Structures are given as C-alpha cells and as structure tokens.
Amino acid sequence: MPSGDPNDQLLIDAIYEDRLAALDDPEAVAVSTAIGRRTADDVAEAVAQLTADGLQAEAVGDPLAPAQRHSAVLAVSDADSALVAARSLAQLGYRPWDAIEGAIGEVHRRFRNGLSLARATDVTTVLSLTWPAAGSEVTQRLPSALVPNAADHEWLASKLPLPKALWPVLFAARPVRLAAQRAGIAPAPGAALGPFLSTPTDLIEPLLDLAEVGPDDVVADLGCGDGRILMEAAKRGCRCIGVEREADLVAAARRRAEDEGVADRVTIIEGDALTARAQLSDVSAYFVFVPAEAAVDVVRTLLSTGGSGTRIVAHEQHRLPTPPPGAVSLPLLHGQGVTVAHRWTIT
C-alpha cells in the first residue's frame, strides 16, 4: 500500500500515530507550526466571543503548540455553561456534532462531560468543550455505549416530538433502535458518517494532481460537503458531480458553484451514492473523504462497479482498517493541511 519511499512511510506512520509535530523534518515542522498558530488564533477568537457574551472558558494546554490537527479544548464550569457556549459560538460558525436542544440536550447535561463543535472555513477547526463530571457515582460510571446519542434522538424524533422533560425515553429508545437497525427494519442513521469535516483548501490541488484530473474527466465527490473539491476540478474543465446528504451543505455547494462561475459544469445531488447511481455511470475519478471505517466500504463498492481506468482517491489522518489492495499511499503536507491520501486505479 505505501508508495515505496522510506521517507513517505515515516511521515505516514507519524500522521497515523499523531506525532507529526514531533518529527525533525522541515516539511513537518513548517506545517505543524502553521497549524498551531492558526489554532491559537481560532481559540483566541472563540474565547473573546464567549467573554463578550458573559461566559468564561479557558484553553486546556497550549493551542499555539505545533500540531497536525486544527483542534483545541476549552474548559467551562459545567454542562449548562457548555450548552450556552455552544449557542454563543454558533455566531462564529461553529456547529455542534450532536443535537443540544430538547431531550438530547438534557442527556448531555446529565451524563456527559464533553461537547464538540466544528467550523469549516479553509480548514476545519474543532473545539471541544469540557466540564467536570457531575451527577451520582452511578451516572459517572454508566458505560458510554448505553448513553443515547444524536442518532437515537433523530430516530425517535422522526416518530414523535420529544420535549426536554422526556429525556429518560431516549434510554428506552436506544436498544430498540439498535435492534431494529440490526434487523434491517431501521436504516443506519445519517450521523453514522459523522459531522462534516472539510478538506483543507491547501490540499485540494495536490489531491486533484494525485488523481491526475484533467479536462476530459468526470469527477465525483461522495460526501462533497460545500463542494470545494468539485469547484477546483471544474476549473480544470471537468464535469463534476457532488453527492451530499445534508440539505444545508447541498445548498451551500450549489451557491458556491454559482459564485465561482462553474454551475454549468457542477451538479449537486442531495442523497447518497445509491440515490445518485444512475448519474455516476460515466465517472472517471472519485474522491472520498468520510471516516476511515466508512471509506473502506465505499472504496470496495467503487472498485467492484467502476470502469477500467477509473481512479479512486480517499484521504484520512486515521489508518484505514483492512483497506482494499492495490493502493498507492502518500503523505500530503502543504500549507495548513495534513492527510494520508490513497489512490486506487481500476484495471
């Protein structure tokens, strides 16, 4: 799977093990230092916003330290403060990974001590709000697998409204949903693919180059988010198809195509790969940026259905579990972007 270059493999291993910032490598030092500086700026902006809204938060650790991810931890006093802070940071474009209103918000308040927010700009910045664990010894020791999450709330809320006071119903709903999902009665939740994490803009051109994208290609991005990869591919003369399940991101991608003057070459489909199957028959280059476990399944499907010469590029900072054979894997470090990219070519 590696490219064969020993230095590439050194960088790949360091990325997978989250120790890129510790390497004595000029490229790794430059990128991780830039990420640390950007993260520190984002943390300062967030703290200023919270302070302006009368909230207190303190950075945990040194956000300025070199890093390979744009992420930081902010400590707040308690769960209620975290929920209020999440609403405050929405003014800066941060979105919670889980729903925080109503019954699921009450579950967060009683049984969790962390809440993650993400903002996608030219990079994705992740802020984790933490607070001291509260509640009884029983609630503190409750295994996280038993605590309801956004998928349980989404499934139940589609059947009946669930106000805050009825939060215990989510504990009864969770095993029912999981059993129904295993039996094929309930579909896997959309949240299974996780929140939208944007590909850093600094990595888009290197990824397009890896896929050898040119004007004769039809390019598809499965889970295209705001469409940023497609826009750059379209500027190379390609016809582009994006598939995205979140309606707000579909709208954002369509607006972006209009704003960048490539709407005549970009089609954005709301749904999943199955929904869009008929429109993907001519695709010659696929891009996949979803969590590692899901990426493997998607790539296997594409390898079995794509035509000869089709290129598939997936990238992640996490090691792919049992990846399909035949990939060339490369570390990509550029500007403020870090990833490991894998390319398969169907023969």
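**Strand pairing and nonpolar cores**

In the predicted model, Ala59 stands opposite Leu74 of strand S2. Strand S1, made up of residues 58-60, runs antiparallel to S2, and the two are joined by three bridges. S2 is also paired with strand S5, residues 124-130, but here the strands run parallel and five bridges connect them; within this pairing, Ser71 stands opposite Val126 of S5. The two faces of S2, which spans residues 71-75, can be told apart by their covering: Ala72 and Leu74 form the covered face, whereas Ser71, Val73 and Ala75 form the uncovered one.

Nonpolar side chains in soluble globular proteins tend to be buried together. The largest nonpolar core in the model comprises 27 residues, and the members that touch the most others are Val213, Val219, Cys240, Val266 and Phe287. At least two residues of this core are supplied by each of helix H8 (204-210), helix H9 (228-235), helix H10 (247-259), strand S8 (266-270) and strand S9 (285-288), and the largest share, five residues, comes from H9.

When its neighbours within four places in sequence are left aside, Val219 is in contact with Val213, Leu230, Ala233, Cys238, Arg239, Cys240, Ile241, Ala285 and Phe287. Another core, of 24 residues, lies apart from the largest one, and its members include Leu222, Ala276, Val290 and Trp344.

Definitions and conventions. Residues numbered from 1 in each chain as written. Predicted model: local features only at pLDDT ≥ 70, side-chain atom pairs only at ≥ 80, totals over all residues. Heavy atoms only, no water. Core = buried A, V, L, I, M, F, W, Y, C linked by side-chain atoms within 4.5 Å. Buried < 20%, exposed > 50% of the residue type's maximum accessible area, 1.4 Å probe, protein only. Helix = DSSP H or I, 4+ residues; strand = E, 2+ residues; numbered from the N terminus. Contact = heavy atoms within 4.5 Å. Pairing = 2+ DSSP bridges.
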